[in-house]
Amino acid sequence: MAVTTCKDTLLRLRRALPVPLPESVPYLGVDEFAVRRGRTYATILVDTNTHCLMDVLADRTAHTVTAWPREYSEVRIVCGDRAVSFLDGARAGAPQARQVADTWHLLHNLAEAVERVVGRHGAELREPLTVRTDQDDTCLPADTVPTALGELDVDGGVRGP
């Protein structure tokens, strides 16, 4: 249609639509988004089973988040970014629900942790690997290959039976 519009207009139109709510929402996704970056944030609630938008809340406070799951006692899992307001709101609104972190935030946190470790040990990682000449490069017999991590000696050798 080539009609230009802004995100605020689209959000206002979406909020004006009646939302047909399902009878049950066992898996609820909670996240925040910026209506106006740095100034105004809102909360989005999604049925993670069907990927349908459930509601858009006016802010991201625990009090606002608490009210919604109270209407749905069958919420079993609340998935979000582990923000304190969402944790407190979900705990008060759906005490029976288990709270889990979503995949994106788990991977993001893992990537940050790996980046910190690599940054801390960058000098050691840049050094070339050294090969000891006193080691024998032949393969170990099949019956002495360790089957579990606990079977390795501290010096890297294999414990015998």
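Tutor: Let's start with a cut-off: a salt bridge is a side-chain nitrogen of Lys or Arg within 4 Å of a carboxyl oxygen of Asp or Glu. The general idea is that side chains of opposite charge can pair when their charged atoms come close. Before we go on, a note on the source: this is a predicted model, where local features need pLDDT of at least 70, side-chain atom pairs count only at pLDDT 80 or more, and totals for chains, interfaces and linings use all residues. Residues are numbered from 1 along each chain as its sequence is written, and side-chain values use heavy atoms, with hydrogens and water left out.

Student: How many salt bridges does a search of the whole structure find?

Tutor: Three. Take Arg91 and Asp88, whose closest N and O atoms are 3.1 Å apart. Both sit in helix H3, three residues apart, which means about one helical turn separates them.

Student: Which parts does the pair Glu32 and Arg60 tie together?

Tutor: First the pair: the side chains of Glu32 and Arg60 meet in a salt bridge at 2.7 Å, N to O. Glu32 belongs to strand S1 and Arg60 to the loop between S3 and H2, so the bridge ties together parts 28 residues apart in sequence. The remaining pair is Asp8 with Lys7, at 3.8 Å, N to O.

Student: Now the strands. How do I tell that two of them pair?

Tutor: Two strands pair if DSSP finds at least two bridges between them. Strand S2 (residues 40–47) and strand S3 (residues 52–57) have five, and they run in the antiparallel sense. Look for Thr43 standing opposite Leu57 in S3. The hairpin has four residues between the strands, and His51 takes a positive phi near 65° there.

Student: What about the inside? Which residues touch the most other members of the largest nonpolar core?

Tutor: A nonpolar core is a set of buried Ala, Val, Leu, Ile, Met, Phe, Trp, Tyr and Cys residues joined through side-chain atoms within 4.5 Å. The largest one here has 15 residues, and those touching the most other members are Val25, Leu28, Val30, Leu45, Trp68, Val75 and Val78. Strand S1 (27–36), S3, helix H2 (62–70) and helix H3 (84–93) each give two or more residues to this core.

Student: Can you walk me through one of those residues?

Tutor: Leaving aside neighbours within four places in sequence, Leu45's contacts include Leu28, Val30, Met54 and Trp68. Met54 is in strand S3, and Met54 counts as buried because its relative accessibility is 3%. Computed along the sequence is one thing, space another: Met54 and Val25 are 29 residues apart in sequence, with their C-alpha atoms 9.1 Å apart.

Student: Which residues of H3 are buried?

Tutor: Phe86, Leu87, Gly89, Ala90 and Gly93. Their cover includes S1, S2, H2, strand S4 (77–80) and strand S5 (98–101).

Student: And the outside: which residues form a nonpolar patch on the surface?

Tutor: Patches are made of residues with over 30% relative accessible area and no salt bridge; like charges are joined within 9 Å, nonpolar side chains (Val, Leu, Ile, Met, Phe, Trp, Tyr) within 5 Å. This patch consists of Leu107, Leu110, Val114, Val118 and Leu125, together about 470 Å² of accessible area. Such areas come from the Shrake-Rupley method with a 1.4 Å probe; for residues, only the protein chains shown count as cover. Helix H4 (residues 103–120) gives the most to the patch, four residues. Val118 is in H4, and Val118 is partly exposed at 41%.

Terms used. Buried < 20%, exposed > 50% of the residue type's maximum accessible area, 1.4 Å probe, protein only. Contact = heavy atoms within 4.5 Å.
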